[in-house]
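Work through the exercises below with the sequence and the 3D view side by side. Try each task before reading its solution.

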Amino acid sequence: MGVRTRKAASGLFMLILTFSIVAAGCSNNGNNEGGSSPASQSPGASSAEANSSDTKVEPFTISLFTAATGPIPTDDNKIYKEIKEQLGVTLKEEYLVGDIEQKLGVMIAGGDYPDMITANTKLTAAKAVIPLEDLIEQNAPNLKKHFGKVWEQLKDPADGHIYWLPNYGVYQGDFKPTDYMGPAFYIQKAILKENGYPKIQTLDEYFKLIEDYAAKYPEIDGQPTIGFSSLAFDWRDWGLRNAPQHLAGHPNDGGVLVDPNTNVATLYSATDTAKPYYNKLSEINAKGLMDKEAFAQNYDQYLAKLSSGRVLGMFDQRWNFGQAHDSLVSQGKFERTYVGFPLVYDVNTKDYYLDRPPINLGNGFGITVNAEDPVKIIKFIDTMLSEKWQKRLNWGEEGVDYLVGDNGLYYRTPEMRTQQEDVTWKQKYKAESLWGYLPKLEGNYPDGNADGPGNQPDEFFANLKDIDKELLTAYGFKTWTDFFSTPPENRVSYPAWNIDLIEGSPAKVANQKMKDLDFKYLPKAILSQPDKFEEVWAEYVAQMGKVDTQAYLDRVNEQLKWRADAWTSK
Amino acid sequence: MQTTIRKFKTEPFLFHTLNFLFMIFVAIVTLYPFLNTLAISFNSGLDTTRGGIYVWPREWTLKNYEAVFASGKVYHAFWVSVARTVIGTVVSVFLTAMLAYTISRKEYMFRKPVTLIFILTMYFSAGLIPSYFLIKDLNLLNTFLVYILFPGAGAGLISAFNMLVVRTYIHTLPESLNESAKIDGASDFRVFFSIILPMCTPVIATISLFTAVGQWNTWFDTFIFASSRQELSTLQYELMRLLSSSVNSNANPSLSSTAAKDTATMITPLSIRAAITMVAFVPILVVYPFLQRHFVSGLQLGSVKE
Amino acid sequence: MPQHNIHKVEIAPRSAPRTEAFWRKMVRQRQLIIMSFPMVAYVLLFAYGPLWGWLMAFQDFKPMTGASIFEQKWVGLDQFKFLFMDEGFIRVLRNTIAMSFISLILGFVTAIGLALLLNEIKKTGFKRLIQTISYLPHFLSWVIVTGLVSMALSTEGGIVNIVLMKLHIINEPILWLGEGKYFWGIVGLTNVWKEVGWNTIIYLAAIASVDPSLYEAAEVDGAGRYRKIWNITLPGIRPIIVILLIMNVGWILNGGGFDIQYFLGNGQVLDWSETIDIFVLKYGLKLGNYSLGVAAGIFKTVVSIILLYCANLIAKRLGEERLI
């Protein structure tokens, strides 16, 4: 018995010892890492001269909570150090790790807010954030100027106060993106090349190309060719649900079509607007061109298929398959990358895929009731919106991240571009997760440079491959957005997808039920034999009839009307 | 004797061969997901996107691991995890075993109510918000103690499940031990410490493993109760944070469309998840054999003679 | 036990000696009390204390800065009505129970079987190696495991379809994850794959406690391997098997996991994959309705306790080890 006790004890001892050894090894590295970062040197003199133009702020700590949308900065991150040295602001950041609903739930219940927080309707409803309009008027000239045009749109539909500073959607100068990141029917460049760069406007033309190409090349790189794929995984549902509204010539309003003249929303799910598209997919499936597991696969599987270069086309948003695109490029399979086309049901319909980015109040920062000195915080955000800081955050540091050409335009060397791909480097030298949430200047700076490297025309052209140049020349275009009609000014109430349906309301429940029905019946309709299509469709329509869709439509229409009234009054 | 030996000779051989082959099969099947994850963790993220990685990396890289260790925050977090695992396990296993002993004693007058009180905790959950208020009211928010006390994934002070496992084990021990000790006039404390506890080594090893793994793997309590103090951050929490930042930056339309679109992502959520899994797992792999011998050695250890 | 009760009833009127006996007993068992009561106090505070949160089930709870729970809107049984009146509820309940049941049975049989076979291996090194390898998948997250399952079952080059086609069992790839009838089985097998090794640990520990002299005696009697397993090993671990079974019966409304259905499920198999927990996530938390989850939790607890009581009663009748 004594022996056994000793054994147990020695086991425990070994356990602790092993932990210690492993940990010691790691922690030594840790110390070295930490040691190499210059200890807190007095910022005094150096910072004073560095920021003569900026409003000097006393040493001040701002706590903030966001979901990190980029590499998490290291403790010795250069940008954070500059912010501290030049503005006196120490940022104490907390990033979302688990479920946002849970975290916000306890945060609100306990009233334990940081100073700045990511936008969420739950927080507005809980009175967790303070009105910003007076703060901006009195302390923040940059913000005032920036949001001047859209001031009314920032106001909360319920009480007319401004609570959130949206991070995107305010443009300086012309709206001229080079890359297209939105929804479209994508098709491999190789197919276009094979067919002499034909014009594609309708589903028939699009699927004809795919059909012929698949017949000619049943295998690509030794694997069976997949004609058309898409995705309906978790929240990434647009691949299945959104195509009909675009085919009908409407912009992305989420689950509804909005008549631009009357500003009234109608559903298109389970209607004759949607039916021809799914019927077409069912035909495609009968020809063996549809990826049968499109709506049963997960995101990684989808990306893997696209990256293998054997998927000829899909309906998706470009940013959603960015990883697959990058992978194809890195494999050198440039002709397998995709071009998006704005297909419509009827050639006389003008396509409306490309839209002017709307203001999205569901994103960005607000200041909470717990902030002790909101003035200092708004001043900090205001400073970050200055051209100097915008360039620092978006372009980086001159000489390190970009160079200035003779014409005053910024550019990057190939080495600089490669550097930007390194996550560990970004952790030390970029502040993407902070940058993602701050209000930003979009479009062009007064000096003619684009907001960031991604939109600099020269940078864009420098990154084009041979097949891209050939393709663009053949179509007579300069950029990828030229494939799409120039969008008109946004309808005042646009877009309907960011309408707050109100937590737990019948409208929100109906929305979820509609989604469930789409997920269940649409794949079934597509994968059924063509002669069964009508039957499945009828059942789908019948089930949809049981959902309280009116509650959903009422809420959407009420808000559309409110927007039209409130946002045009000035 | 002679005949019986001959009779059983072919049977054990056949059995052992089949058993051996079956075990090899089990090993291959269960090893695969692990090797696959290992391979992905050493493979370039962008290349992994193509799929087709099985048990060997195609494009070797250490980038995924570099990304995990670059922030430098994981080193301190590792120590916090070690501390909470060691302290939490020792305290919880000891208290659970002691409690199990009391309810294993048939004559204990509060045996039934005490057992019931603990059993029920396995079948209800009060919900997050009330628990949060409790922790807040006890001033345990952002303290190390919350890791030891909160009865969440890490089990808290007592795990009812483990308690029942130990109690059942004690029941299988010969009753005579208990009685003889009692006749000697030993107190309950002494019976527990010097007779029951030493004989429970296999089951103690088992629940130690369960508790330690629970403590080591949980990140939820840090997320809810201690996320605003960096010095209390645990390894799993840091890893989860890295992962969600990687997932988010690949899932945020606005970010992907402007800020990050000119830079390809060399590290994908898939690859970082693989690296994270390995980093979190290595300590368990190292420690496990020390516990394992207590419950796999079978007969030698189960001996209750003497 | 029954005699004890009768005894109690008899002496009930004479309360003075009874309380005296009670106190005397307490004094005699003071050490046991000291060894258990602090933990009881702990669990009452930490596990039972927050139970006031169940009031939320009868409210339309919205987190509000600085507001107490009594300032919330009371809605009576609305949350329960939403849950039970939903036309899909029976289906969701069926899925939950079916997947729990399948995972439970498969999990028990495979883990006990593997533990017994591992125990028969004579080479300690090999035994430990296999045991270590078999528990590895337990440490992979469900995202990884379900990702591998999806990959293996893919119609586009998934290993399962390839092998079945090579063996001419099927002529064209089967969309395993797109047809509801396969879903429960996939969930059950995936659970086994991930957890079988881990689940053997508890049985191996139990086997380790079996008195070796019993085996020696059996060998003298000329008992073979299977008789020893049947007559000695299995009875030796029967108490723990029974206890684990009873405990698991109480978890039947958990659906055999959450992540597994969440990641493997898709619209096409919704009618087979949706469990109570997933329903609550979709129509509760994701829509900002905190109360629905609490209501579902109460429902699950009530069902659990009833099932536990029944299972315990059966175990008692059969003379097996039981919870209480």
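**Exercise 1.** How many bridges join strand 5 of chain A to strand 12 of chain A, and do they run parallel or antiparallel?

*Solution.* Start with the ground rules. This is a predicted model: local features need pLDDT of at least 70, side-chain atom pairs count only at pLDDT 80 or more, and totals for chains, interfaces and linings use all residues. Residues are numbered from 1 along each chain as its sequence is written, while chains are lettered from A and ligands numbered from 1 in the order in which they are written.

Find strand 5 of chain A at residues 183-188. Strands (E, at least two residues) and helices (H or I, at least four) are DSSP runs, numbered from the N terminus. Four bridges join strand 5 to strand 12 of chain A, and the two run antiparallel. Two strands pair if DSSP finds at least two bridges between them. For one contact point, take Ile187(A): its bridge partner in strand 12 is Val339(A).

**Exercise 2.** Is helix 9 of chain B buried or in the open?

*Solution.* Take residues 175-183 of chain B. A residue is buried with 20 or more other C-beta atoms within 10 Å of its own, exposed with 12 or fewer, and partly exposed in between; C-beta atoms are placed from the backbone. Of the nine residues, zero are buried, so helix 9 lies largely in the open. Now set that against chain B, where 58% of the 306 residues are buried. After helix 9 comes Gly185(B), with a positive phi near 85°.
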